[in-house]
Every structure is written in structure tokens, then in C-alpha cells.
Amino acid sequence: MGKIPPSFRSAIANPHLRNPSSLLPSQNPSSSKPHHFPKKIPSNFSGKSRKPQQQEPRTPNPKSLSLFRSPSLQDAKSVFNSIVNSSNGSIDLRFHNSLLQSYASISTTNDSMAFLRHMMKTHSSFSPDRSTYHILLSQSCKSPDSTLAPIHQTLNLMIAGGIGPDKVTTDIAVRALCLAGRLDHAVELIKELSLKHCSPDTYTFNFIVKHLCKCRALSTVYSFIDEMRSNFGVKPDLVTYTILIDNVCNTKNLREALRLVSVLGEEGFKPDCFVYNTIMKGYCMLNRGSEVIEVYNKMKEEGVEPDLVTYNTLIFGLSKSGRVTEAKKLLRVMTEKGYFPDEVTYTSLMNGMCRKGDALAALALLEEMEAKGCSPNSCTYNTLLHGLCKSRLLEKAIELYGVMKSGGLGLETASYATLVRALCRDGRIAEAYEVFDYAVESKSVTDVAAYSTLESTLKWLKKAKEKGQAI
């Protein structure tokens with residue numbers, strides 16, 4: 001409860017070959033009698049379980065499977081020789097690249113390069129293109145070598161073949177290095193390629209900026225941006241500034257976020273809806289509802305049209321800061337603008353109502369939500385469960401827990417803890433153990449968290465009884 005919802009906020013017969021494997025419709029109430037809970041979780045419920053759902057098995061793509069049983073270079077050469085000797089027609093470039101890709105997936109970078117040379121020597125009609133060398137480049141970026149030597153080796157081979165690195169080459173190398181956790185090497189390489197060959201495009205530049213924001217100091221990110229601008233003419237764009245604003249908002253540095261917005265304007269960019277939503281989210285994190293409204297008003301003054309995320313962020317921020325009445329008024333505003341409340345909207349309102357101690361009103365909102373054809377999600381149920389327990393409406397909470405359990409819904413840590421404590425406080429220890437068992441079995445709460453919560457609650461209960469305190 002209280003977390004910002006996620007919505008705020010890419011066959012050859014040979015002994016050495018491996019065989020390749022081939023808004024929801026409105027629900028009419030069954031009676032005119034009001035109800036707070038559904039009999040069961042609907043079958044079309046999107047958040048039925050907190051556990052990762054098993055995907056249907058898919059037929060694997062043969063290109064994604066290694067055609068080789070062994071990383072042996074000699075075996076790979078034998079495979080290729082047999083293909084060439086048994087082929088009645090010409091073998092196209094795509095097949096050569098597929099074969100190289102398959103071998104590179106299990107071999108070393110040096111052996112892959114040697115295999116490429118063998119293919120060129122054995123089959124004279126084969127002429128590698130840029131995509132061929134990019135296969136080796138991706139492999140060299142994943143090399144355990146602590147230097148850029150394998151990458152330089154690949155780039156040199158590429159240049160010797162008459163093909164110079166381009167923006168795509170830079171993008172492939174930078175992304176592979178970042179995904180391999182080699183961020184410093186990615187920064188070093190992008191500067192080198194910018195100096196010797198060509199500057200990266202904005203997609204590559206923003207990709208590396210985003211990764212720098214995740215694990216480097218803000219000063220380091222700014223230094224990188226300034227260096228790329230002054231030395232190679234790579235200028236930050238609107239996406240770059242949005243990444244930076246989002247990063248400083250996540251660290252609750254709203255002053256810096258607003259400075260970046262002013263810089264953005266000086267650079268000739270107009271903040272878009274996403275930028276404003278990002279700043280509003282930052283104020284929500286600081287529980288500053290008034291500033292959220294100010295950003296919203298500024299957004300409208302600048303002629304930027306709010307979207308569903310804007311209204312959900314507003315409602316979340318106001319609800320979190322206790323301004324539920326204002327938040328509810330926005331439901332009418334957003335509907336008039338053509339945006340209909342979704343599960344995030346309703347859950348945010350329920351959150352605010354529960355925070356104010358009005359869990360029954362939040363429960364009534366669940367009924368309204370369902371009547372309008374909007375299905376609650378897991379966060380909705382957990383928010384209500386937490387609120388009901390906090391308001392000491394234990395019977396209602398147990399009833400809601402039963403609905404969640406029957407539908408396979410997991411318990412979030414906060415709602416689990418409040419329910420266990422409420423049960424123990426009421427002397428219903430056996431039921432508390434049952435909730436503990438379900439939390440562990442459903443894997444929605446870690447074993448350690450589930451056990452420590454139950455244990456600490458029982459210890460507190462024992463001490464309270466010994467001292468004769470009211471529970």
C-alpha cells in the first residue's frame with residue numbers, strides 16, 4: 001500500500017550437427033442487492049496470481065539453436081566442408097551468417113574468427129557483409145576478457161574486409177557491453193568509435209545515458225553528456241532530458257528536476273506530457289499534493305494535453321496526501337476529457353480513503369468499480385485488505401482474504417503483516433498460522449519475511465498479555 005502503481009510512471013546430416021527442434025465488458029449485477037465482494041475472482045481477472053505464470057511452450061526457432069555439438073574448431077570446419085561438398089546449388093549469405101551465429105554461440109571469439117576465415121577460404125563466392133562481422137562483434141562484447149582487446153580484434157578484421165564501423169556497429173557494441181555489465185567499457189568504446197569512425201545516433205546515446213543514470217553518480221552522467229557534446233557534436237534531445245528528469249525525480253531531487261526543465265527550454269525543447277507526468281510522480285513520492293496540482297496547472301498553461309497517466313498520477317498524489325475529496329472530483333474531469341477510470345485510478349482512491357481511516361467507503365468503491373466494468377487487480381485487493389485491517393474491520397478483512405485465496409491471489413507484505421497481526425490481536429492464532437501457510441505456499445511473501453512477521457507478532461502478543469495490556 002502506498003507504492004506508485006507501475007502505470008505511472010524490443011538440416012544437414014553430419015555427426016557434428018545438433019538436430020534443431022522443430023476496458024473489460026460491463027458486468028451486470030445478479031441482483032439489486034448491494035454487495036461488497038464478488039463470489040469469486042472472475043476468470044478473466046488479469047491479476048489472478050502474484051506468481052509468474054507459465055507461458056505456453058513455443059516451438060523453438062532453429063536459428064536460435066546451436067547447429068554444433070562441440071565448440072571444436074576442427075569439427076566446425078568439417079561441418080562446413082561437408083555442407084559445401086554436398087551442396088548442389090549456391091549457398092547464400094544468410095546461411096553462412098546463420099552457421100557462423102550457431103558456432104559463435106558455443107565457441108571462443110578467436111575460434112569464431114578462424115571459422116569465418118575458413119569459410120571465406122573454402123567457399124570463394126562467400127563475401128562477408130556488415131551483419132557477418134556484427135555477429136563476431138556481439139560475441140566479443142560478451143567475452144570474459146577484462147579489456148577491449150577482443151572487440152578491437154573484431155573491428156580490425158571488419159576494417160580489413162573493407163567495411164568500416166557505422167552507427168549500427170556502435171549501437172550493437174554499446175548495447176552488448178551494457179547488458180554484459182561492462183558499462184565503463186561501453187563508455188570508452190563509444191568515445192573511441194566517435195573519434196575514429198562516426199558518432200552514435202540518439203538511440204544509442206540515450207541508451208547509454210539511461211544505463212549511466214542507473215549506476216553512476218549524476219555528476220558522471222553530466223560529464224559524459226558534456227564530453228559527447230563538445231568533442232563529438234552529440235547533443236541531448238528531449239528523450240535525454242526526460243531520462244535525466246526521471247532519474248533525479250526517483251532520487252527525490254525535485255529542485256534539480258525543475259532546473260533540468262528550464263535547461264530543456266533553453267535548448268529549444270518544449271516539455272511534453274511524459275516530462276510533466278515524470279515530475280508529478282516525483283512530487284507524489286514526496287507526498288506533496290499541492291505541487292502536483294501546480295505542475296498540472298502549468299502543463300495546461302503550456303498547452304500540453306494531459307493523458308490517462310496524468311490523471312492517475314494526480315489522483316494518486318492527492319489521495320496519498322489525504323486530499324481524497326479533490327481526487328474524486330478529478331474522476332468527473334477525466335471522464336469529460338474522454339479518459340475513463342481504470343484499476344489504477346480506483347486503487348489510488350481506495351488507498352487515500354484507507355489512509356484516512358474510511359475503509360468502508362473504499363469497500364463501497366470496489367462495488368462501484370465492478371459495476372462500471374472495471375476489474376480490480378491484485379494491488380486493489382491488497383490495498384483494501386490492508387485498510388480493513390488497519391480500521392479493525394476484521395470480519396470484512398477475513399471475507400476479502402477468502403475471496404483472494406479462492407482466486408489464487410498473492411498477499412503483499414504489508415497486507416499480510418496487518419492481517420496476521422489483526423488475527424493475533426483478536427486471539428485467532430490458528431487462523432494467523434493458516435494465513436502464514438498460504439503466504440508461503442503462494443510464494444507471494446518470502447519465507448523469511450512471513451516467518452519473522454508471525455514470530456514478532458506472537459512475541460508482542462505474549463508480552464502484552466503478561467503485562468495485562470489491552471490488545
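Where is the place of Lys-252? Keep that one in mind; I come to it in point 1. These are my notes on the model, which is a predicted one.

1. Lys-252 is in the loop between helix H10 (238-250) and helix H11 (254-266).

2. What does Lys-252 touch, leaving aside its neighbours within four places in sequence? Met-285 and Leu-286 are the residues in contact with it. For Leu-286 there is a C-alpha to C-alpha distance as well: 7.0 Å from Lys-252, across 34 residues of sequence.

3. Asn-287 has 40% relative accessibility and so counts as partly exposed.

4. On to the core. The largest nonpolar core holds 125 residues, and Phe-115, Phe-224 and Tyr-416 have the most contacts inside it. Helix H12 (residues 273-285) supplies the largest share of this core, with seven residues.

5. Once residues up to four places away in sequence are left out, Tyr-416 touches Leu-411, Val-435, Phe-436, Ala-439, Val-445, Ala-449, Ala-450, Thr-453 and Leu-454.

6. Now the helix pairs, starting with H4 (residues 130-141) and H6 (residues 167-179). Their axes are 9 Å apart, and the helices pack at an angle of about 20°. H4 and H6 are therefore roughly parallel to each other, since angles under 35 degrees count that way. The crossing of this pair is right-handed. On the H4 side the contact is made by Arg-130, His-134, Leu-137, Ser-138 and Cys-141, and on the H6 side by Val-168, Thr-169, Ile-172, Ala-173, Ala-176 and Leu-177. Sorted by class, the contact of H4 with H6 has seven nonpolar residues, three polar and one charged.

7. Is Leu-137 buried or exposed? Its relative accessibility is 1%, so Leu-137 counts as buried. Apart from neighbours within four places in sequence, Leu-137 is in contact with Ile-151, Thr-154, Leu-155, Thr-169, Ile-172 and Ala-173. Leu-137 and Ile-172 are 35 residues apart along the chain, and their C-alpha atoms are separated by 7.8 Å.

8. Helices H3 (residues 109-122) and H5 (residues 149-160) make another pair. Their axes come within 11 Å and cross at roughly 15°, which makes H3 roughly parallel to H5. This crossing is left-handed. Thr-109, Asn-110, Met-113, Leu-116 and Arg-117 of H3 meet Pro-150, Gln-153, Thr-154 and Leu-157 of H5. By class, the residues of the contact of H3 with H5 come out as four nonpolar, four polar and one charged.

9. While you are on H3, check His-118, which is found in that helix. His-118 has a relative accessible area of 16% and is buried, because buried means under 20%. Not counting residues up to four places away in sequence, His-118 touches Lys-77, Phe-80 and Asn-81.

10. Last pair: H7 (residues 183-196) and H8 (residues 202-215). At roughly what angle do the axes of H7 and H8 cross? They cross at roughly 145°, and the axes come within 11 Å. H7 passes H8 in a left-handed crossing. Leu-183, Ala-186, Val-187 and Ile-190 of H7 meet Thr-204, Ile-208, His-211, Leu-212 and Cys-215 of H8. Seven residues of the contact of H7 with H8 are nonpolar and two are polar, with no charged residue.

Notes. Residues numbered from 1 in each chain as written. Predicted model: local features only at pLDDT ≥ 70, side-chain atom pairs only at ≥ 80, totals over all residues. Heavy atoms only, no water. Core = buried A, V, L, I, M, F, W, Y, C linked by side-chain atoms within 4.5 Å. Buried < 20%, exposed > 50% of the residue type's maximum accessible area, 1.4 Å probe, protein only. Helix = DSSP H or I, 4+ residues; strand = E, 2+ residues; numbered from the N terminus. Contact = heavy atoms within 4.5 Å. Axes fitted to C-alpha atoms, helices over the stretch in contact; angles between N-to-C directions. Parallel < 35°, antiparallel > 145°, perpendicular 65-115°, else oblique. Left-handed = near helix turned anticlockwise from the far one by under 90°. Nonpolar A, V, L, I, M, F, W, Y, C, P; charged D, E, K, R; others polar.
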